[in-house]
Amino acid sequence: MAQENKSTFQDFSAPKEQVRGGGRLEALRAQMKAHGLTHLCVPHADEQRNEYLPECAERLAWLSGFTGSAGEAIVTLSKAVLFVDGRYTLQAADQTDQDYWTVESLVETPPHAWLKTNLTAKDCLGIDPKLHTINEVDRLTKATEATDAEFITLEDNLVDAIWTDRPSPPNQPVHIHDFEYAGETTSQKLKKVAAALADAKADLCVLTDASSVCWLFNIRGSDVAHTPLVLAHAIVPSEGYAQLFIDGARLDMKTKAFLTQSADLHDESQLMAMLADVVAGKAVLLDPNHASFALKEEVEAAGGTVVTEKDPVALPRARKNPQESDGARTAHIRDGVAVTRFLHWLDCQKPGSVDEISAAKRLEQCRINSAGNMPLRDISFDTISGAGPNGAIVHYRVTEDTNRTLKAGELYLVDSGGQYDDGTTDITRTVPILAKDQAPQAEHIRAYTLVLKGHISLSLARFPQNTRGVDLDVLARNALWRHGLDYAHGTGHGIGSYLSVHEGPQNISRRGMEVLQPGMILSNEPGYYKTGAYGIRLENLVIVSEPLPIPGGDLNMHGFETITLAPFDTRLVDAMLLDDDELAWLNAYHDWVRRELTPLLPDDTADWLAGKTAALSKPTLATST
């Protein structure tokens, strides 16, 4: 492997400026007073509700310093409250100035709940309706009604008014996602949307999810870091031609000709005007969890009726077709080669000779070097490269300021992925950093094995039709729960097909209400995190299988097909804590990894892999005679 140790896709520099002091808050409060507000919501959101945002939409980060992918702030004339979920509790406290900001739980005390106990009849809450979904505004409205406070939607964004050096919107070229990888034409996909609209008794829909637009029209871009999205909207009717709202200057002749086969093209700025022209007397489907409240206001003002139903592209996009599924399998073989080469390299390094940044750079280079004739287009998210206590920060992002050496006796957690034309990958492995003849800590072995038991339990799951993610989440947690342990994040999220590494609507979590269907790809990633000490997460991707008969059973059952290939670190496995089925699964998985990857690996890495995937057995107890 080349010894190059640079990063092509990830920037490890610390934030250019720490947001310290209350200057930005005071400037915002001046705007609030000018508009008669006592409270203002500032979500981590853009007009299309992307998880990862273009720089020009990072309003929450600019205001607070918090750079996580989920959160919301409420700014009052005297307080600033940041709401984050369990992934970001430590990060939020570290990144914000605690003299001016307090941190609340986005799950236990979401903004609407906080407002119910903090608003009075004298208060006025304002929002930018382009950045809040229909359902979010419904909850905020109820909060203000419960307290007799006033609620208003603003014409202009108040953060933008004070953000004088706000970056420009993205303007990179749009490219076609070839049929070889997409597996269906736009025409075929549009027929599915038309059928869904008919079922919903809607005349048309407005697609606001950039993933849905890109999937439907078989295009990709680079408007969002590490996610090949084009920030475009579409109006799709139940009958007739679709309307695609996209910056024409970003389309070359080939892409423009391709798109005009399926849609009329308009500039993004024309969306609201077009809605005003076409929705009178029509039933317009808007996804209430994704479409902005501003769209609802526009439709109703123009004489249309809003039908609040799920995005009609979401399920077809989530249920991968055969070519998308095969592409994901192929991408994971390629990615497994890269991760295995990285793990081998890391295992050969002396403790203290590698740091978090150099490890992340090396892993990225392994992906580049292992891609072959299918180039690595990007990483699928900033690599989580956490040594020791940094591994306990669930969505840790290493910078030059936080970079830590991988020290002997510690655990190292690396969560990473790649973007390839044929698929998106996401894998986490946790390994011990050991000096020669050093054994892992007993505490690490116990915790790792409990996490592994949860991972295997979910991998082995068989479940009937209409099972939801929430129904399976307990399988990954049960072993931890029995020992008084848990983790503060979901067990699994959906994965796109050369799209977002976090794709809905499917997930496995306490909030996973979507039925799991064949072809859906999800992560299986239980973990355990001991604040200030270490983190453990073990992640593979799985595809939901068709329901199949079970010998002697009455019902056909779905299962999970694991598609990620890379060894688990058996130095951290206590075989005595595994039951027979779990041990058999682990040995079978390692046998599969070895058979698939060995022909693709250099001899030294293949030899190393053979040792790392050797079958485990439980020690036999000696008996006296």
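**Exercises: a pocket, a hairpin and a helix pair**

The second largest pocket holds about 670 Å³ of space. This is a predicted model, where local features need pLDDT of at least 70, side-chain atom pairs count only at pLDDT 80 or more, and totals for chains, interfaces and linings use all residues. Residues are numbered from 1 along each chain as its sequence is written, and side-chain values use heavy atoms, with hydrogens and water left out.

**Exercise 1.** Find the residues closest to the centre of the second largest pocket.

*Solution.* Start with the lining, which has 24 residues. Closest to the centre are E47, Q48, L231, H233 and E268. Next, sort the lining by class: ten nonpolar, four polar and ten charged. Then look at the helices: α11 (271-278) and α12 (293-301) each give at least two lining residues.

**Exercise 2.** State the sense in which β25 and β26 pair.

*Solution.* Locate β25 at residues 527-530 and β26 at residues 534-537. Their pairing is antiparallel, over four bridges. Y529 faces G535 of β26. Three residues separate the strands in this hairpin. In the turn, G532 has a positive phi of about 80 degrees.

**Exercise 3.** Work out how α18 and α19 are oriented to each other.

*Solution.* Take α18 (residues 580-597) and α19 (residues 603-612). They pack at an angle of about 170 degrees, with axes 10 Å apart. The two helices are therefore roughly antiparallel (angles over 145 degrees count as such). H590, V593, R594 and L597 of α18 make the contact (heavy atoms within 4.5 Å) with L609, A610 and K612 of α19. By class, this contact has four nonpolar, one polar and two charged residues.

Conventions:
1 Å grid on protein atoms, 1.4 Å probe; cavity = no way out; pocket = protein on both sides within 12 Å on 5 of 7 lines; lining within 4 Å. Points joined across faces, edges and corners; volume = space filled by probe spheres on them. Nonpolar A, V, L, I, M, F, W, Y, C, P; charged D, E, K, R; others polar. Pairing = 2+ DSSP bridges. Axes fitted to C-alpha atoms, helices over the stretch in contact; angles between N-to-C directions. Parallel < 35°, antiparallel > 145°, perpendicular 65-115°, else oblique.
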